[in-house]
Amino acid sequence: MLKIFYPYEYVESVFSIDYKKLYEKGYRGLIFDIDNTLVHHGEDSTREIDELFKEVQKIGFKTLVLSNNSENRVQKFLENIDSLYIHDAKKPSVPNYLKSLEMLNLKKEETVVIGDQVFTDVFGANRSGIASILVKYMDKGNEIKIGKRRQLEKLILGFYKRNKKYQNRIGNIVKEKE
Ligand SMILES: [Mg+2]
């Protein structure tokens, strides 16, 4: 069954999500992936991302960064961001998703995972019973060779896009274009 890889929502980027609407729907916690979700792989945070964390926290969200990367990398990324985090998370393994809920002190129904990878972020969220928003991964525009994993991901998302039943399961959370 492919549905274990299907996100609840699939959007352009972390900036296209209407976090106020997400909050109105009862969500209180955001679990973010870092690499290719918030910034290009290995890069430091940007002013826009630092602002984004402040903005969602102002709305009332608790945040947690769940990364398979090392503690050094995650701490450096969070230099100007006040957020809970788990490094070396071993996504898509379930334990650190559950630990995230514990740290946030929230139920799985109140939490959303936001990431760029079907086989780690989304798969782990589905196995843990947590809703997920897949964002288009940030590529640098000069990566000609697409990895096998990304090709397989594309295939799965092709099926996902043809299966309306699994799309927009949170519903109406994309920012309207100004
Ligand atoms: Mg990622």
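Which residues coordinate the magnesium ion? In this predicted model, local features need pLDDT of at least 70 and side-chain atom pairs count only at pLDDT 80 or more, while totals for chains, interfaces and linings use all residues. Residues are numbered from 1 along each chain as its sequence is written, and side-chain values use heavy atoms, with hydrogens and water left out.

The magnesium ion is coordinated by D33 (OD), D35 (O) and D116 (OD), at 2.1 to 2.2 Å. Donors are N, O and S atoms within 2.8 Å of the metal (3.2 Å for Na, K and Ca); water is not among the atoms, so sites may look incomplete. Along the chain, these donors follow the spacing D-x1-D-x80-D.

Both D33 and D35 are buried, a term that means under 20% relative accessible area, against over 50% for exposed and in between for partly exposed (1.4 Å probe, protein chains only). D33 also forms a salt bridge with K91, the closest N and O atoms being 2.9 Å apart; a salt bridge is a side-chain nitrogen of Lys or Arg within 4 Å of a carboxyl oxygen of Asp or Glu. D35 is paired in a salt bridge with R73, with the closest N and O atoms 2.6 Å apart. R73 lies in helix 3 (residues 71–77) and D35 in the loop between strand 2 and helix 2, so this pair ties together parts that are 38 residues apart in sequence. Helices (H or I, at least four residues) and strands (E, at least two) are DSSP runs, numbered from the N terminus.

Helix 5 (residues 118–128) is mostly covered, with 10 of its 11 residues buried. G129, with a positive phi near 75°, follows helix 5.
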